[in-house]
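Morning, everyone. I'll take this model chain by chain, then turn to the places where the parts meet. Please have the structure up on your screens.

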Amino acid sequence: MCGATVGGLSTEGIDVAKETVIQGSVTKGGTPVSGGYVRLLDAGGDFTAEVVSSATGQFRFFAAPGQWTLRVLSPGGRGESTVTAVDGQVTETDIALTS
Amino acid sequence: MMSRTDVLVDTDWAANHLETPGVVFVEVDEDVSAYDTGHIPGAVRVDWREDLQDPVRRDFVDQAGLEQLLSEKGITGDDTVVLYGGNNNWFAAYAYWYFKVYGHDDVRLLDGGRKKWELESRPLTTDVPARPRTDYRAKPARTDIRAFRDEVIAAIGEQNLIDVRSPDEFSGKLLAPAHLPQEQSQRAGHIPTARNIPWSKAANDDGTFKSDDELTALYEGAGVELGKDTIAYCRIGERSAHTWFVLHELLGQPNVKNYDGSWTEYGSLVGVPVEKGA
């Protein structure tokens, strides 16, 4: 898609200093995957939230500081990533799907 | 007692009933634009905020308002209404409970909702169906499945209180689900004596409900005395509608109420007890 930010979503309009943002993109073979179900699991493995990746494969969560796992389900495959989020910062992660 | 198939349909059943007269598919989402990007063929949209909430007061639309809405959507009281949506059916479950509050007989949820349908690469369309207007008649709102704040306060230490939010919302670390911005004014924490059994524990990864045996083990394992009066709550009553569905419709528990005021009301009340921590 024209004009899409490379990597994460634009944080325009968000007071990043007050949030703990985790965001990134879902790809398969280097191509963005839209419509992927991205789950955010807490350090204990419990479900916290789920969003659908955008037309450009991107997603975003407003979390809390700590360790999180992101797990993606899509008709095209599955993927997983673990991140450590920090208060007032945007943590970027890219998740590559495997069939 | 009702059986699971009276309240829940699977994607195969749905695919085989898309054109069955008397069966109406209704999509209900938090992200109301999802319907425009593609929906189950023949499905109509209900907007949980614009269509189901009073535009001024914090409450449901009244009986006449619901009658007007469902008449415009071309739904009759005899129809089998099959609800589905995104977010693991949160808002579809909310609408299910809402249809039951107003006495619709035959409502069912699509097991797994929009996610399961999409993960199975089943067809979606952007065509909006034309359904002729009906003359829908709702029943007076039931209060036996809806809890209000005073009975919630009275239930502390007396009834099962089930907080179905994520552990971080329960402990007070987060104020909202993590896909939403966190800026809100009310206090964080939970209602004293509530047990935290996140709605998600009742669902599989693909959004379908776990088996009755698994569900019974889940609640009993968390110390819930099934059969005792129960109130479920979350932040705005949509995830707790999912748990209300599990307890009341799938497990057939007799007295289960959904507290739709939930944490956005309780966490803003002056003088009520609040607990923090796990």
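**Two chains, one predicted model**

Start with chain B. It has 11 helices and 9 strands. Keep in mind that this is a predicted model.

What about overall dimensions? The C-alpha atoms of chain B fill a box of roughly 50 × 40 × 40 Å along the principal axes. Buried residues make up 45% of chain B. Now take the contacts in chain B with a separation of 6 or more: 76% of them are between residues 24 or more positions apart.

Next, the domains. Chain B is divided into domain 1, residues 4-119, and domain 2, residues 149-266. Their C-alpha centres lie 22 Å apart. How many residues does each domain put into the contact? Domain 1 of chain B gives 18 and domain 2 of chain B gives 15.

Look at the domain 1 side of that contact. The elements that give two or more residues there are α1 (4-7), α5 and α6 (113-119) of chain B. Which of them has the largest share? That is α5(B), with 6 residues. By class, this side of domain 1 has 10 nonpolar, 4 polar and 4 charged residues.

Now the interior. In general, nonpolar side chains in soluble globular proteins tend to be buried together. Here the largest nonpolar core has 67 residues. Five of them touch the most other members: Val26(B), Val82(B), Leu83(B), Ala95(B) and Tyr96(B). Which helix gives the most to this core? Helix α5 of chain B, residues 90-101, with 11 residues. Why does the core lie between the domains? Because domain 1 and domain 2 of chain B both give residues to it.

Zoom in on Tyr96(B). Leave out residues up to four places away in sequence. Tyr96(B) then touches Leu83(B), Val107(B), Leu109(B), Ala241(B) and Phe245(B).

There is another core, apart from the largest one. This other core has 27 residues, among them Val21(A), Tyr37(A), Phe62(A) and Leu73(A).

That brings us to chain A. Chain A has 0 helices and 8 strands. Along the sequence, the pattern reads β-β-β-β-β-β-β-β. The radius of gyration of chain A is 13 Å, close to the 13 Å that the globule rule gives for 99 residues, so chain A is as compact as a globular protein of that length. The box around the C-alpha atoms of chain A is roughly 35 × 35 × 15 Å, again along the principal axes. Buried residues make up 38% of chain A. Among contacts in chain A between residues at least 6 apart in sequence, 53% join residues at least 24 apart.

Last stop, the contact between the chains. Chain A brings 20 residues and chain B brings 22. Which elements of chain A give two or more residues to this contact? They are β3 (37-41), β4 (47-52) and β5 (58-63) of chain A. Of the elements on that side, β4(A) gives the most, with 6 residues. By class, the chain A side that touches chain B has 12 nonpolar, 3 polar and 5 charged residues.

That's the tour. Over to you for discussion.

Notes
Residues numbered from 1 in each chain as written. Chains lettered and ligands numbered in written order. Predicted model: local features only at pLDDT ≥ 70, side-chain atom pairs only at ≥ 80, totals over all residues. Helix = DSSP H or I, 4+ residues; strand = E, 2+ residues; numbered from the N terminus. Buried ≥ 20, exposed ≤ 12 C-beta atoms within 10 Å, placed from the backbone. Contact = placed C-beta atoms within 7 Å. Nonpolar A, V, L, I, M, F, W, Y, C, P; charged D, E, K, R; others polar. Core = buried A, V, L, I, M, F, W, Y, C linked by C-beta atoms within 7 Å. Domains from an automatic or database assignment. Rg over C-alpha atoms; globule rule 2.2 N^0.38 Å.
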